[in-house]
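This report looks at charged side-chain pairs. It covers where they sit and how exposed they are.

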Amino acid sequence: LLDLCSIYRTLLADADGLYDPSHYNDRLLLGLKGTMSEAELHILKSRMHQGMWNKAARGEILNHPPIGYVRSVSARNGAGDYVIDPDEQVQSVVRLVFDQFVRRGSVSGLLRWLVREDVKLPVRPISGPQRGELQWRRPNRATLLNMLHHPMYAGAYRWGHCEIDPRKKAAGRARTGRVLHAYDECRVLIHDRFPAYISWDAFEEIQHKLTENSNVAKGFSAPRGG
């Protein structure tokens, strides 16, 4: 900006005075002010991040609840907590998902059974005109995996499971660079934070089974050329 203003002899002004970037003294002063402003922004950003980490360590950063949970009625100004969905049919379907995964032993088997039995998943949209209203949608693999991997169903609070790695970001693609961490590798994991659908032991058994299935799938991948 300073180079451009000096070429076109454009003056810069702030609350302290008027500056000509084509003059050395004014350019030096503008550079010092820019450096100080950058340092101030860095300090403010660091304090905001530290405050967010402290809040997460207390289990108080809550985004959108997963399927089977709703924000409590007493929540005000973004505060509050998550409770089990009061709809009994929603509760029964969520418990059915976990029970049938234990019986079927795989996400694919669970998905086939749900589709065959015409079991729909309860979803409450987080945006749009029908926000918060209960809807029943066809199950899919991504949604089932998210439910089975989410420790909240075992009553635990997690934070930091999805982070951005600058080294993996692609230019012009805002959603790139995301790194997903396992529940035991998150920055924060607090047990007995929410009402649970399953026990913690049952949740760990499910994670072990998912990992085991993934390793088996890697060993029997599709044949390649040759």
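Buried means under 20% relative accessible area, exposed means over 50%, and partly exposed lies in between. Lys209, at 29% relative accessibility, is therefore partly exposed. The model is a predicted one.

A search of the whole structure gives 10 salt bridges. Three of the pairs are described here, starting with the one that includes Lys209.

Lys209 forms a salt bridge with Glu212, with 3.4 Å between the closest N and O atoms. Both residues belong to helix α6 (residues 200–219). They are 3 residues apart, about one turn of the helix. Glu212 is partly exposed, at 38% relative accessible area.

The side chains of Asp14 and Lys33 meet at 2.9 Å, N to O. Asp14 is in strand β1 (residues 12–14) and Lys33 in helix α2 (residues 24–57), so this pair ties together parts 19 residues apart in sequence.

Asp16 also forms a salt bridge with Lys33, and the closest N and O atoms are 2.9 Å apart. This pair links distant parts of the chain: Asp16 lies in the loop between β1 and β2 (17–19), and Lys33 in helix α2, 17 residues apart.

| Residue | Relative accessibility | Class |
|---|---|---|
| Asp14 | 35% | partly exposed |
| Asp16 | 63% | exposed |
| Lys33 | 23% | partly exposed |

Why does Asp16 count as exposed? Its relative accessibility is 63%, and exposed means over 50%.

Definitions and conventions:
Residues numbered from 1 in each chain as written. Predicted model: local features only at pLDDT ≥ 70, side-chain atom pairs only at ≥ 80, totals over all residues. Heavy atoms only, no water. Salt bridge = Lys/Arg side-chain N within 4 Å of Asp/Glu carboxyl O. Helix = DSSP H or I, 4+ residues; strand = E, 2+ residues; numbered from the N terminus. Buried < 20%, exposed > 50% of the residue type's maximum accessible area, 1.4 Å probe, protein only.
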